[in-house]
Amino acid sequence: NQHHLVSSINKSAKSLLNVINDLMDYSKIESGKMDLESKTFNLERIIDDCITISALKAIELKLNFAGYIKPNTPLQLKGDAPKIRQVTINLLNNAFSLSRGCSVLLDVFQTEKSTINSIEIRIEIISKGLVISDQERDRLLQPFHEEGSIKNKGQELGLTLSQQLVELMQGDLGI
């Protein structure tokens, strides 16, 4: 019983820390002071972290969850690995919260878009049996508004922040 209570406190603290970090990043972006890293990183390590972190939540929610990187996808990349991890986990958390007893797939691959100095990596999160209406889907990527109901504010903030971070990295986020 004590282990369950401590585990619940730990999960709540981590969730609150994520919201605080998202708020800080959101305010940095709004003020134009968000700097992105440009360091070499291993994509496989980042995706593996996202899978490991998200697997426990998937088990709790009784969801089938799998993730993989398609063959021939370059693994040594240059960019902001912590932000890529943050966005991927944010999107996985949203897919999990909207899925009802179905499966979620994390699929990573190189697209056909490339230039001499860059390639495009696509990170798809596919939820089979997603339970949202067309209106909800259209509203998901609307900008975060601080006023109004507190219900789902963490989800709204996470999606807005993810969209802005992806745009800063010259990417697109869509549903």
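Which element supplies the largest share of the lining of the largest pocket?

1. Overall architecture. The secondary structure of this predicted model comprises five helices and five strands. Read from the N terminus, the order of the elements is α-β-α-β-β-α-β-β-α-α. The protein has 175 residues, and buried residues account for 33% of them.

2. The largest pocket. Its volume is about 1600 Å³, and 46 residues line it. The residues nearest the centre of this pocket are I121, R122, I123, V166 and D172. The answer to the opening question is β5, which contributes 10 residues to the lining, the largest share.

3. Other contributors to the pocket. At least two lining residues come from each of β3 (76-79), α3 (81-98), β4 (99-114), β5 (119-130) and α5 (153-168). By class, the lining of the largest pocket divides into 24 nonpolar, 14 polar and eight charged residues.

4. A salt bridge at the pocket. R122, one of the residues nearest the centre of the largest pocket, also pairs with E124 in a salt bridge, with an N to O distance of 2.7 Å. Both partners are partly exposed: R122 has a relative accessibility of 43%, and E124 has one of 22%.

5. The structure holds four salt bridges. In one of them, the side chains of D49 and R85 meet at 3.0 Å, N to O. This pair links distant parts of the chain, since D49 belongs to helix α2 (residues 43-60) and R85 to helix α3, 36 residues apart.

6. The K113 to E120 pair. The closest N and O atoms of this salt bridge are 4.0 Å apart. K113 is exposed, with a relative accessible area of 55%, whereas E120 is partly exposed at 27%.

7. Positive phi at N72. Most residues other than glycine have a negative phi. N72 is not a glycine, yet its phi is positive, at about 70 degrees. The residue is located in the loop between β2 (64-69) and β3. With a relative accessible area of 77%, N72 is exposed.

8. Positive phi at Q170. Where does Q170 lie? Its place is in the segment after α5. Q170 also has a positive phi, of about 60 degrees, although it is not a glycine. Its relative accessibility of 70% means that Q170 counts as exposed.

9. A nonpolar surface patch. Which residues form a nonpolar patch on the surface? They are L16, I20 and M24, and their accessible area together is about 280 Å². L16 is placed in helix α1 (residues 2-30). L16 counts as exposed because its relative accessibility is 52%, over the 50% limit.

Terms used: Residues numbered from 1 in each chain as written. Predicted model: local features only at pLDDT ≥ 70, side-chain atom pairs only at ≥ 80, totals over all residues. Heavy atoms only, no water. Patch = residues over 30% accessible without salt bridge, like charges linked within 9 Å, V, L, I, M, F, W, Y side chains within 5 Å. Areas by Shrake-Rupley, 256 points an atom, 1.4 Å probe, with all protein chains shown as cover. Helix = DSSP H or I, 4+ residues; strand = E, 2+ residues; numbered from the N terminus. Buried < 20%, exposed > 50% of the residue type's maximum accessible area, 1.4 Å probe, protein only. 1 Å grid on protein atoms, 1.4 Å probe; cavity = no way out; pocket = protein on both sides within 12 Å on 5 of 7 lines; lining within 4 Å. Points joined across faces, edges and corners; volume = space filled by probe spheres on them. Nonpolar A, V, L, I, M, F, W, Y, C, P; charged D, E, K, R; others polar.
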